[in-house]
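This briefing is for a reader meeting the structure for the first time. Please look over the sequence and the model below before reading the notes that follow.

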Amino acid sequence: MGIISFILTVVGLIFSIKFQSMAYWGPGGTFTWTWYWVGAFLSYFCLLMSIVCMNKAKNNIVLTAFNLIIILPSLLWTTFIIIAWQSGM
């Protein structure tokens, strides 16, 4: 479970960084809210599932701390971007 938690953390981090650009995956690079929200959902989902896996696994303290160091900023960044995009409308 420890390695699954780490993999989910890395995937969540990647989606957290890249989900902004997913909004432009429409035909011809046009803005689509669909892919924007899909990216945000996948980021939150992977990061939260990583936390669930961390709780179920008896990881060592170093892996747990490393995962949390990645998870917390990723969740905050995704939330910040959602708030910023919504307020810019």
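In this predicted model, T9 has a relative accessible area of 0%, and because buried means under 20%, T9 counts as buried.

**T9 and its surroundings**
- T9 has its place in helix α1, which covers residues 2-18.
- Leaving aside residues up to four places away in sequence, T9 touches L47, S50, N67, I70 and I71.

**Aromatic pairs**
- Searching the whole structure turns up nine aromatic pairs; in one of them, the ring centres of F41 and F45 lie 5.7 Å apart with the planes at 20°, so this pair is stacked.
- Both F41 and F45 belong to helix α2 (residues 33-56), where they sit four residues apart, about one turn of the helix.
- F41 counts as exposed, with 52% relative accessibility, whereas F45, at 41% relative accessibility, counts as partly exposed.
- W77 and F80 form a tilted aromatic pair, with 5.7 Å from centre to centre and 35° between the planes.
- Because W77 and F80 are three residues apart in helix α3 (residues 61-87), about one helical turn separates them.
- W77 has a relative accessibility of 38% and therefore counts as partly exposed.

**A cluster of rings**
- Which residues do ring pairs link into a cluster? The cluster joined by these ring pairs consists of F19, W33, Y36, W37 and W85.

Notes: Residues numbered from 1 in each chain as written. Predicted model: local features only at pLDDT ≥ 70, side-chain atom pairs only at ≥ 80, totals over all residues. Heavy atoms only, no water. Helix = DSSP H or I, 4+ residues; strand = E, 2+ residues; numbered from the N terminus. Buried < 20%, exposed > 50% of the residue type's maximum accessible area, 1.4 Å probe, protein only. Contact = heavy atoms within 4.5 Å. Phe/Tyr/Trp six-rings, centres within 6.5 Å; stacked < 30°, edge-to-face > 60°.
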